Amino acid sequence: MVTSINASKNGAKPFVIERRKAILVFDNPDYEGVRIEAKLDVNLETFLNLQTLANSTENEPENLRQAFKMFGDQILTSWNLQDEDGSNLPADAEGVLALPPHLGTAILGAWANAATLAGERSAST
């Protein structure tokens, strides 16, 4: 249905898009205490690029590396992760690439699931 509007330039209030964030929650006991905050609402181009890289049929290591770097630099906002020496890992691409593969893929998967659910504020894996 289309409605004609005869409003002045300032007569309609714009719809402001709210960008959601999520705290990813992990039910796996191996990840008890992990707290990761990430943007859910990135621009569509970032989302599609990340999905393309992460789901490449060839699973080329460089595509996966770029997907994890993109997540760390454009989506991840904070976390409470430390390395085995007790040093804080930076919540960026460098920190993501320092993770063990099982944790990195769990984080990326939890984010991908949460980002596609309308109205959700957290995700579980």
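View 1. At 39% relative accessibility, Glu-62 is partly exposed, a label for anything between buried (under 20% relative accessible area) and exposed (over 50%), worked out with a 1.4 Å probe on protein chains only. You're looking at a predicted model, where local features need pLDDT of at least 70, side-chain atom pairs count only at pLDDT 80 or more, and totals for chains, interfaces and linings use all residues. Residues are numbered from 1 along each chain as its sequence is written, and side-chain values use heavy atoms, with hydrogens and water left out. Glu-62 pairs up with Arg-65 in a salt bridge, their closest N and O atoms sitting 3.0 Å apart. For a salt bridge, a side-chain nitrogen of Lys or Arg must lie within 4 Å of a carboxyl oxygen of Asp or Glu. Why do Arg-65 and Glu-62 end up about one helical turn apart? Because they are 3 residues apart in helix 2 (residues 61–74). An α-helix has 3.6 residues a turn, so residues three or four places apart point the same way. Arg-65 is partly exposed too, at 40%.

**View 2. Glu-37 and the salt bridges around it.** Glu-37 meets Lys-21 through their side chains, 3.8 Å from N to O. That pair ties together distant parts of the chain: Glu-37 belongs to strand 2 (residues 36–39) and Lys-21 to strand 1 (residues 21–25), 16 residues apart. Strands here are DSSP runs of E, at least two residues long, while helices are runs of H or I with at least four, and both are numbered from the N terminus. Glu-37 also has a salt bridge with Arg-35, at 4.0 Å between the closest N and O atoms. Put together, Lys-21, Arg-35 and Glu-37 make a salt-bridge network. Lys-21 is partly exposed at 42%, and so is Arg-35 at 38%. Across the whole structure, a search turns up 4 salt bridges.

**View 3. The two sides of helix 1.** Which residues of helix 1 (residues 44–54) are buried? They're Thr-46, Phe-47, Leu-50 and Leu-53. These residues share one side of helix 1 because they cover an arc of only 135° around the axis, judged by the directions from the helix axis to the C-beta atoms. Helix 2 and helix 4 (101–115) are among what covers them, with contact meaning heavy atoms within 4.5 Å. On the face turned away from the buried side, you'll find the exposed residues Leu-44, Glu-45 and Thr-52.
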